[in-house]
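Here's a quick briefing to read with the model open beside you. It covers ring pairs, a helix and its surroundings, a helix crossing and some backbone angles.

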Amino acid sequence: FAAPGRQEAEQALELLEFELSATEAKEEDMSEGELSAAGMRGTTWVTRRGVRVDRTASAWLIQRFIDPDARFKFVEPSGYLPSEGELRFDMFDGEFTHQGERCTFETLLERFGLVEDAGLVAIGEIVHDLDLKESRYGRAEAAGVASILSGIAREHEDDARRVAGGAPGFDYLYGHFREATADPEGEHIARR
């Protein structure tokens with residue numbers, strides 16, 4: 001019906017369906033075990049339109065550490081069926097999405113064996129708290145990251161521009177955490 005607030009109600013229901021489905025364990029092959037990034041090169045990574053924290057950070061992670069030749073596609077989430085060569089992230093029935101208490105960024109870290117990189121884990125903690133609206137990790141940087149990503153979203157309606165705008169910030173944040181995790185001889189504890 002054309003009732004006032006219909007669009008907001010539909011979006012709220014879609015989000016609720018996504019959140020409920022994200023807590024269920026995946027039974028597909030893509031959801032179990034560690035994957036190699038080598039076979040992912042040049043993949044089209046599909047996610048929902050209107051990227052914010054988790055999708056922006058996950059796109060950065062994919063392009064920087066998993067698939068440097070990644071292409072991104074932003075779609076309406078309802079009923080999207082991937083084409084051959086596409087992988088979905090942070091969306092209903094996606095191959096890479098929320099699992100248990102993990103946000104998509106954390107799921108990607110786990111699935112691609114990146115959990116030994118202290119800088120990426122720290123970013124994952126920030127993304128987790130912001131995306132799930134929690135304070136589990138209480139990282140001081142979270143408020144600043146939220147403000148920057150909010151500013152990017154206000155400045156750009158186009159999702160590709162949001163992802164591109166967020167990437168340098170995540171690069172700098174990663175550099176900050178890499179410096180913070182260096183040992184006394186100046187070597188990074190976790191090197192990629």
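Is Phe89 buried or exposed? Phe89 is buried, at 0% relative accessibility (buried means under 20% relative accessible area, exposed over 50%, partly exposed in between, with a 1.4 Å probe and protein chains only).

Keep in mind that this is a predicted model, where local features need pLDDT of at least 70 and side-chain atom pairs count only at pLDDT 80 or more, while totals for chains, interfaces and linings use all residues. Residues are numbered from 1 along each chain as its sequence is written, and side-chain values use heavy atoms, leaving out hydrogens and water.

**Aromatic rings**
- There are eight aromatic pairs, counting rings of Phe, Tyr and Trp (its six-membered ring) with centres within 6.5 Å.
- Phe72 and Phe89 have ring centres 6.1 Å apart and planes at 70 degrees, so this pair is edge-to-face (planes over 60 degrees apart; under 30 is stacked and the rest tilted).
- Phe72 sits in strand β2 (residues 71–75) and Phe89 in the loop between β3 (86–88) and α3 (104–111), so the pair ties together parts 17 residues apart in sequence. Helices (H or I, at least four residues) and strands (E, at least two) are DSSP runs, numbered from the N terminus.
- Phe72 is partly exposed, with a relative accessible area of 21%.
- Trp45, Phe72, Phe89, Phe96 and Phe112 are linked by ring pairs into a cluster.

**Helix α3**
- Seven of the eight residues of α3 are buried, so the rest of the structure largely encloses this helix.
- Among them are Phe105, Leu108 and Arg111.
- The buried residues of α3 pack against α2 (53–66) and α4, with contact meaning heavy atoms within 4.5 Å.

**α4 against α6**
- Helix α4 (residues 118–131) packs on helix α6 (residues 159–180) at an angle of about 125 degrees, with the axes 8 Å apart. Axes are lines fitted to C-alpha atoms, for helices over the stretch in contact, and angles run from 0 to 180 degrees between N-to-C directions.
- The α4 side of the contact includes Leu120, Ile123 and Val127, and the α6 side includes Phe170 and Tyr174.

**Backbone angles**
- Asp90 isn't a glycine, yet has a positive phi of about 50 degrees; Asp90 is buried at 2% relative accessibility.
- Asp93, also not a glycine, has a positive phi of about 60 degrees and is partly exposed at 36%.
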